[in-house]
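Good morning, and thank you for making the time. I would like to walk through one model with you, going from its chains to its pockets, and then to a few single residues.

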Amino acid sequence: MNDRMWLGDAALRFSRPAHLEARALHDALRAVVGVIDVVVTEAHVAVTFDPAKPRPPLDAVLDQAIGAENAPAPASKLHVIAVSYDGADLEACAEALAISADSLVAFHSARVYDVKMIGFLPGFAYLGDVDERIALPRRATPRTRVPAWSVAIADRYSAVYPFASPGGWHLIGMATPFAPFAIDLGDRVRFEPR
Amino acid sequence: MSTWRSSRDGDGDASRASLRVKRVTGLVTVQDAGRPGWMARGIPPGGPLAPSRFHEANLFAANRIAGAGPSAAAVEVVGQLEVEAEGATILIGVDGEGPTALEPGAVYTLRSTAERRVRYLAVHGGIDVPTVFGGKGTLLVASLGGCEGRTLRAGDRLRSLESPSARLRLGTGDADGAPHSETRPMVQAADSNEDDRPRVRVVLGPDLEDFEDVALGVLLENEFSVSPQADRVGTRLVGPRLLRKVALAAARRPSMPMVRGAIQVPPDGQPIVLGPDHPTTGGYPLIGVVVSADVEKVVAAPVGRVLRFARALPA
């Protein structure tokens, strides 16, 4: 925690210890008395607490988490999401990648993805990494409205929009709706063409 | 999500005190003190835009007893709301105005003013809406909480959690009959009128390496005004540009954790201060984060309000 930085008076941010799995790190910090919220992204962790109360002993907890060997792996779920691959950008993506739409679908649905982080929208899980043969930068101009349950790709990630929102990712299909907050850090996701 | 109860359908309890929404314009939602603890799932902390006024309204509505404390669900009004009391006499509290007992049929109108863009109408006992992820507040982006996850509409019925048998003794005691000395709760308003250029305390960083050296001086020595682009997600300010390092601005940053009060700086150099319904992650660098107690000076400020930032050190 030598790079610990303040986020105002009620939160700290620090670099994520590389060898710690996101969910295990989240669970260790969330269990500390006085910690209100823990947000884990690919490179960072933020911990929020009540500024009016004594600061939680985060250093000790993190040292303990980092030093713990053979920590039990938190329960992880595999979510299988059915997709109709008929998104508005499917053909354009295939063209930009110089592959067929069928190949794009095959590459996208062949992998089991890890939940890299959750953010942007409530329940929006960044899934990665996608096959490098379907990795595309985000759209130059974001859409003002992406329909809920759109399946999208951008950079190294794929995701399902759980709610309608603006968005800059490429839309390749529509997911069969699922419980919007079912996917947690540490879970895995597979897409199944429908 | 279809299991969340609608508050439009009557449950036949005509004697229960309620408010029927007659007219509404603007951003008018049910809010409580927030739903902490769910940010890992991407659910922001929520809570009132102006906590001091929210608590004041709840205290005026005599919500200081167990089960309906000063954090009871109330209506947050950015715009205008007209309600009519139904069923039984209902005690409401409004920030800056005080308690009012509404007889059935009485109409009450509450609107944003030049000084108070964000206002609260609390009811004795708190508004009866389902608890979702530990909170009753409306999260519009996820259509979650409050009244069907949306802004209020004409025809909505807001019921009090207070049971109809409890009798109010206005001005003489609490709902439980105990006398109390204070007829008006003592609440320090966060925004007194003379404070027309509030100092907003900010802890600098953590992404200072993304900014040109002059940017900090620009932030701390200039005035910024509140733009009309302000909602529960964030408030865009207008002022001199906070210059980012060109080389870094062009690079794509990984998303990082965000918090309420964070001052994001997009490539145009005009800062955005994150409000209670902010995304839990974001890619714009943070030049600073407003201290908790001062966030409402920004996110509940009237459009055009001029702000100055002052450096604060974390405890």
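Before I count anything, a word on terms: helices (H or I, at least four residues) and strands (E, at least two) are DSSP runs, numbered from the N terminus. With that in place, chain B has four helices and 16 strands, while chain A has four helices and 13 strands.

What we are looking at is a predicted model, in which local features need pLDDT of at least 70 and side-chain atom pairs count only at pLDDT 80 or more, whereas totals for chains, interfaces and linings use all residues. Residues are numbered from 1 along each chain as its sequence is written, chains are lettered from A and ligands numbered from 1 in the order in which they are written, and side-chain values use heavy atoms, with hydrogens and water left out.

As for confidence, the predictor gives the complex an ipTM of 0.92 and a pTM of 0.89. The pLDDT is the predictor's confidence in each residue, from 0 to 100, and chain B averages 86, with 82% of the residues scoring at least 70.

Of the 315 residues of chain B, 54% count as buried, and in chain A buried residues make up 51% of the 194 residues. Among contacts with a separation of 6 or more, residues 24 or more positions apart account for 74% in chain B and for 62% in chain A. The C-alpha trace of chain A spans about 55 × 35 × 30 Å along its principal axes.

Now to the pockets. On a 1 Å grid over the protein atoms alone, a cavity is a set of points where a 1.4 Å probe fits but cannot get out, and a pocket is an open set with protein on both sides within 12 Å along at least five of seven lines, with lining residues having an atom within 4 Å of a point. Grid points are joined across faces, edges and corners, and a volume is the space filled by probe spheres set on the points.

The largest pocket has a volume of about 1400 Å³, and of the 46 residues that line this pocket, the closest to its centre are A:F120, B:Q264, B:P279, B:G283 and B:Y284. Several elements each supply at least two residues of that lining, among them strand 11 (165–167) of chain A and helix 3 (246–250) of chain B.

The second largest pocket has a volume of about 780 Å³, and its lining counts 33 residues, with A:I36, A:P51, B:P45, B:R260 and B:S292 nearest the centre. Which element gives the most to the lining of the second largest pocket? The answer is helix 1 of chain B, with three residues.

Just after helix 1 of chain B, B:A62 takes a positive phi of about 60°.

B:V273 sits in strand 13 of chain B and, at 0% relative accessibility, counts as buried; leaving aside neighbours within four places in sequence, its contacts include B:G234, B:L237, B:I263 and B:V299. B:E82 belongs to strand 2 of chain B and counts as buried at 14% relative accessibility. Not counting residues up to four places away in sequence, B:E82 touches B:R20, B:V21, B:K22, B:R23, B:V107, B:Y108 and B:T109.

How values were computed:
Buried < 20%, exposed > 50% of the residue type's maximum accessible area, 1.4 Å probe, protein only. Contact = heavy atoms within 4.5 Å.
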